[in-house]
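Subject: Structure for your files, with notes

Dear colleague,

I am handing over the structure we spoke about, and my notes on it come after it. Please read them with the coordinates open beside you.

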Amino acid sequence: MTERTVKLYDTTLRDGAQMEGVSLSVEDKLKILHRLDEFGVHYVECGYPGSNPKDEELFKRLKEVNLRHAVPVAFGSTRKAMIGADKDRQLDQLLRADTPAVCIVGKTWELHVRTALRTGLDENLFMIADSVEYAKRHGREVIYDAEHFFDAYKGNPRYAMDTVRAAVEAGADWVCLCDTNGGTLPWEVQRIISEVRDRIPVPIGIHAHNDSECAVAVSLTAVMEGVSMVQGTVNGYGERCGNANLCSIIPALILKMGIPVVSMESLAGLTELSHYVSEIANIKPDSHQPYVGQKAFAHKGGLHVSAVMRDPGTYEHIRPELVGNMQRIEVSELSGRSTIIIKGKELGYDLSRHPEKVQEILDMIKEMEHRGYHFEAADGSFELLMRRALGMHRVFFRLESFRVIMEKREDGKVVTEATIKVHVRGKRIIATAEGNGPVNALDNALRLAIGRAYPELENIDLQDYKVIILNPEKATAAVTRVLIETGDGEKTWGTIGVSENIIEASWQALVDSIEYGLLHMKGSGLES
């Protein structure tokens, strides 16, 4: 039996970059391009030549780039109405990009021809044919994107097929059927592709948007119906609700449909690819994203935890390591004794020999989560809680008191100052520091007070600070939950504090973050 071939077409650098809040520099785009090439993506759409100075520079620099797998693609649209292709400035810029392949998008929907292009239906067919033929005459591989194809086919199937036929007869190498508005449901896509696939004599692709939360399902359904190119973006980035998410499509194709779009070795780097692109795009990774999210294989309920420890397949649809992810056991008020034992083992503590301590820890967690703590996001605080219960807590300093003063001056300037009194290694130390807010000032004062005793603090950085109001109906008297994420350049950890006083909640999370960091700092002599 011949192995099925499906090509991956990534448009993160063009369609994905249209997502609100995303602004990729030329360097950013080149970094992502190289990573996609290493991963094994077949086509990478790099941008729209001539649309902006950034993409102009990118295509100039592309000429110096050596790629092993990916074919770089320049994106453009059909010529304007009533002029020849050789007179169209946009097509000229498309070819000047000098990529081996180009993607030309054309209007398929009668509504768009009349309202967006404001031209005749026949002229639109000439525009498609002229543009494709012009690119082919200049030696390019042409992917023709049939914009709004499914909406067009539902409205006027004959004209929709006329537009596709114009592209094919002009020499298009691919016809990609687009669900541009993202509103077509999977069974509609299945029916339409089954009706048109034998009438399109070149390979077909699918380009789906996620406006009805169906882009991945639509793409996989299209593959089932015979398409051999899937267009999408890393993490589903894109305009409005995004594009088809390649981080979900790729493992589904390989592990569930048996179509080897990339090697198993590359697949094991999928989570890393997802996080790399989100970091470059300056977007926090979606922890609940399928396959690659931090919570994709996380287990919280006691029954679930007990089951997955016997056989992960009871609550995991694939082995997480296949996509470079890992199983996580989370601790909460839903935890059972087995969860505590497993989590302890994960952190390097054998709690099975201390059943009374297991129950004590479990009771503490349930009582604290009732007050507003949330240990799923605070592994650092959980380990410190466990060490205290086991009598293993290491005291790095003892607080005598702290005071925070905020002063707003006549000129509008706000100054915050914190003074802290601590006992560290037998010495009473008083330190004062300013900051851009009370928590920052406290952090600076604490580091000033204990930094000489623990120089390792220089490597511990606060990376994120979140405040959650647990009972907003109480207004300014509400209970506050503070979550702090801290890192040392190699790993990150979360800590938590809860109080009706936001400064006290912040102090709890801050102290835990520093104590956890010192406890695990390599080379400090302080490791457990």
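The notes below go through strands, a helix, a loop, salt bridges and cysteines in turn.

Please keep in mind throughout that this is a predicted model.

I begin with the strands toward the end of the chain. Strand 14, which covers residues 461-469, is joined to strand 15 by eight bridges, and the two run antiparallel; within this pairing, Leu-462 stands opposite Thr-486 of strand 15. Strand 15 in turn pairs with strand 16 (residues 492-499), again in the antiparallel sense and over eight bridges, with Ile-484 placed opposite Thr-495 of strand 16. The hairpin made by strand 15 and strand 16 has four residues between the strands, and Gly-489 takes a positive phi there, near 95°. Of the eight residues of strand 15 (residues 480-487), seven are buried, so this strand is largely enclosed by the rest of the structure.

Glu-57 forms a salt bridge with Arg-61, their closest N and O atoms being 3.7 Å apart. Because these two residues are four residues apart in helix 2 (residues 53-62), Glu-57 and Arg-61 are separated by about one helical turn. Glu-57 counts as partly exposed at 37% relative accessibility, and Arg-61 likewise counts as partly exposed, at 30%.

The second pair is Glu-147 and Lys-107, whose side chains meet in a salt bridge at 2.9 Å, N to O. Since Glu-147 lies in strand 5 (residues 141-147) and Lys-107 in strand 4 (residues 101-107), this pair ties together parts that are 40 residues apart in sequence. Both residues are buried, Glu-147 with a relative accessible area of 17% and Lys-107 with 16%, and the cut-off that applies to each of them is under 20%.

Helix 9 (residues 215-224) is mostly covered, with seven of its ten residues buried; these are Ala-215, Val-218, Ser-219, Leu-220, Thr-221, Ala-222 and Val-223. The cover over the buried residues of helix 9 includes helix 8 (186-196), strand 7 (204-208), strand 8 (229-232) and helix 10 (246-256). After helix 9 comes Gly-226, which has a positive phi near 110°.

In the loop between helix 12 (270-280) and strand 9 (298-299) lies Ala-296, which counts as partly exposed at 29% relative accessibility. Leaving aside residues up to four places away in sequence, Ala-296 touches Ser-287, Gln-289, Pro-290, Tyr-291 and Asn-325. Ala-296 and Arg-328 are 32 residues apart in sequence, while their C-alpha atoms are 8.7 Å apart in space.

Finally, the cysteines: the structure holds zero disulfides. The sulfur of Cys-103 has its closest cysteine sulfur in Cys-176, 7.0 Å away, which is too far for a bond, given that a disulfide is counted for sulfur atoms within 2.5 Å. Cys-176 is likewise in no disulfide, and the nearest cysteine sulfur to it, that of Cys-178, is 4.7 Å away. Cys-103 counts as buried at 0% relative accessibility, and Cys-176 also counts as buried, at 0%.

With best wishes

Key:
Residues numbered from 1 in each chain as written. Predicted model: local features only at pLDDT ≥ 70, side-chain atom pairs only at ≥ 80, totals over all residues. Heavy atoms only, no water. Salt bridge = Lys/Arg side-chain N within 4 Å of Asp/Glu carboxyl O. Buried < 20%, exposed > 50% of the residue type's maximum accessible area, 1.4 Å probe, protein only. Contact = heavy atoms within 4.5 Å. Pairing = 2+ DSSP bridges.
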